[in-house]
Amino acid sequence: MGAYKYLEEMWRKKQSDVMRFLARLRNWEFRQLPAVHRCSRPTRPDKARKVGYKAKQGYCIYRVRVKRGDRKKRVAKGIVYGKPTNQGINKWKSVRNLRSIAEERVGRKCGSLRVLNSYWVAQDAVHKWYEVVMVDPFHSVIRNDPRINWICKPVMKHRELRGLTAAGRKARGLLKKGKRATKLRPSARAVYRRHSLMRLRRYR
């Protein structure tokens with residue numbers, strides 16, 4: 001087995017003494033750092049490579065902190081001017097997963113970089129931390145690499161905001177195929193529009 005296999009096996013056994021100790025140290029360290037910050041290297045090199053990271057110019061890793069649990073409705077003084085059904089503040093569930101939200105935050109922060117993918121690194125009672133693989137689309141090493149230069153196209157701007165990353169596609173339900181996804185493809189909104197449209201096929 002290579003080194004990456006051993007690393008992968010260690011991360012699988014998160015309840016082992018070593019990993020619990022490391023997790024405790026990492027959580028303390030991450031709590032002191034800003035919500036979005038650049039890392040010098042990935043915390044999980046094996047996982048980073050699986051999701052597309054390469055240790056060469058043009059690639060960088062950002063670590064993002066996201067609050068766990070439900071999303072709180074942002075209204076002044078907790079007052080919702082509307083019908084009683086919408087008056088809740090605290091118990092609103094997020095439509096997307098926290099990993100997708102983490103990708104969005106770093107994508108907004110670093111507008112000139114492209115979000116490639118992300119993975120979980122740590123969590124405590126209040127926060128989850130994700131590391132996001134970012135790519136510089138204007139770096140000559142990236143532009144000249146046929147394996148990754150698809151991300152330089154203008155249509156790939158802010159993939160994370162449009163649900164095109166792996167976490168976003170999962171949130172849209174696109175991991176399902178066939179008969180389970182008849183109301184999800186190409187997107188839930190497109191299917192709704194297609195079913196709502198009245199087609200009178202005869203010439204009138």
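Three aromatic pairs occur in this structure, which is a predicted model in which local features need pLDDT of at least 70, side-chain atom pairs count only at pLDDT 80 or more, and totals for chains, interfaces and linings use all residues. Rings of Phe, Tyr and Trp (its six-membered ring) pair if their centres lie within 6.5 Å; planes under 30 degrees apart count as stacked, over 60 as edge-to-face and the rest as tilted. Residues are numbered from 1 along each chain as its sequence is written, and side-chain values use heavy atoms, with hydrogens and water left out.

One of the pairs joins W11 and W120 edge-to-face, at 6.3 Å centre to centre and 90° between the planes. This pair links distant parts of the chain, with W11 in helix 1 (residues 3-12) and W120 in strand 3 (residues 114-123), 109 residues apart. Helices (H or I, at least four residues) and strands (E, at least two) are DSSP runs, numbered from the N terminus. W11 is buried at 7% relative accessible area, while W120 is partly exposed at 22%; buried means under 20%, exposed over 50%, partly exposed in between (1.4 Å probe, protein chains only).

F30 and W129 form a tilted pair, 5.9 Å centre to centre with 55° between the planes. F30 lies in helix 2 (residues 17-32) and W129 in strand 4 (residues 127-135), 99 residues apart. Both residues are buried.

Most residues other than glycine have a negative phi, and most peptide bonds are trans. The bond from R185 to P186 is cis, with omega near -5°. K77, not a glycine, has a positive phi of about 60° and is exposed at 81% relative accessibility.
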